[in-house]
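Please read them with the structure open.

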Amino acid sequence: MKQGVMEHGVMDHGAMGQRVMKLSALIPTTGEFGQIVRHARLADELGFESINCSHIAARDSFTTLAALASVAPQVRLGTAVAPIYHRSPASMAQTAATLDDLSGGRFRLGLGTGHRVTMSSWHGQQIGKPLEEMRGYVSVVRALLAGEVVPNGSRWSSTFSFTGFTPRRDIPIYLAGLSAGMIRLAGEIADGIVLWACPASYVRDVVVPELHAARLAAGKDPLAFDIVAAVPAAATDDSGPAEAGIRAELHRYFGLPFYRTMFRTAGYGDDVAAYDAAGDRERQLAAISDGFIDDLCAIGDGNSVTKALDRFRSAGATNIMITNIRDTDFGATMRAAAGG
């Protein structure tokens, strides 16, 4: 059955005002393109709410989604997420509007700040004040899409205007959020939030309360907001390779300031301390505890995957975005997550 979907950023509700839970997939942009197409088609066939692409050092996320729009004609398409510093607001608005138009209004724009080391070394851009710069960036993008006067800002401005083409003015914008400040900003100005490497306990204890408070303070309905939690998942009878794979992926996040702060707040300060005290990479991998892996991931047989995803739903996530763990069968995981 088709999952509940968002229309222009507003959550569908079931009977008695209950939220309709949704299932999405992060489609890897690495490897053979035919496999990317197969994953997208499978998500469409299984009734996933959306397919998403990260903006990493592989295929461009926007171009990949444009190519997938025709082979997966029902699901929504989203960036999860695109850094704001690698495109001007005008370029971002134009790209988003084009992808939304060619997909028949199925696109949502996921934005994040990225990390200082990558924005500097990859794009020659400096992250100054992330909250202020994100707020200004989103305001310019929204104004451009709506054909309105662009507000003055300390960093972002534009005189761009669409000519001979009118974009959908209310393309949903989601923000990546880790810190309490960015979470609150998302609740105030965005249509949803994308959570990456956030354990279920952090979703429950930090994300949901902060979003609820921010939405109320902004005079907005807390229920009319999408909480997308990325959950590394692997349906497998042998959890060893999957656990090794996710530790290898998490290794770099334990070295990034934004994530280290979030891990400590989530109650895994001991893991961060053990990682810092480790003398080599193997010890650093071992420092990522089983408890952290269990809190973050959905690994095991189909029943185990379902229970893990239900933990995130119980924690307050409204949209579970399963992500692939290296050296595991993502197709099998997608089927297990969908109950197939």
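This is a predicted model: local features need pLDDT of at least 70, side-chain atom pairs count only at pLDDT 80 or more; totals for chains, interfaces and linings use all residues.

1. Among the helices, the cover includes helix 1 (33–45) and helix 3 (89–102). The strands that take part include strand 4 (50–53), strand 5 (76–79), strand 6 (82–83) and strand 7 (107–112).

2. Which residues of helix 2 are buried? Helix 2 spans residues 61–68, and its buried residues are Ser-61, Phe-62, Thr-64, Leu-65 and Leu-68. They lie on the same side of helix 2, because the arc they cover around the axis is only 160°. An α-helix has 3.6 residues a turn, so residues three or four places apart point the same way.

3. Is Thr-63 buried or exposed? Thr-63 also belongs to helix 2, but its relative accessibility is 52%, and it therefore counts as exposed, the cut-off being over 50%. Between Thr-63 and Ile-84 there are 17 Å in space, C-alpha to C-alpha, for a separation of 21 residues in sequence.

4. The structure has three cavities of 30 Å³ or more, and the largest cavity holds about 60 Å³. Strand 10 (226–235) and helix 8 (239–253) are the elements that give two or more residues to the lining of the largest cavity. Helix 8 provides the largest share, with four residues.

5. What lines the largest cavity? The residues are Trp-196, Ala-197, Ala-230, Pro-232, Ile-246, Glu-249, Leu-250, Tyr-253 and Thr-323. By class, this lining has seven nonpolar residues, one polar and one charged. Glu-249 is the charged residue and Thr-323 the polar one.

6. On the open side, the second largest pocket has a volume of about 200 Å³. It is lined by 20 residues, and those closest to its centre are Ala-143, Leu-144, Gly-147, Glu-148 and Phe-160. The lining of this pocket divides into eleven nonpolar, seven polar and two charged residues.

7. Last, confidence. The chain has a mean pLDDT of 91, with 90% of its residues at 70 or more. Residues 1–18 have pLDDT below 50, yet in the model this stretch makes 53 contacts beyond near neighbours in sequence.

How values were computed. Residues are numbered from 1 along each chain as its sequence is written. Side-chain values use heavy atoms; hydrogens and water are left out. pLDDT is the predictor's confidence in each residue, from 0 to 100. Contact means heavy atoms within 4.5 Å. On a 1 Å grid over the protein atoms alone, a cavity is a set of points where a 1.4 Å probe fits but cannot get out, and a pocket is an open set with protein on both sides within 12 Å along at least five of seven lines; lining residues have an atom within 4 Å of a point. Grid points are joined across faces, edges and corners, and a volume is the space filled by probe spheres set on the points. Buried means under 20% relative accessible area, exposed over 50%, partly exposed in between (1.4 Å probe, protein chains only). The arc is that of the directions from the helix axis to the C-beta atoms.
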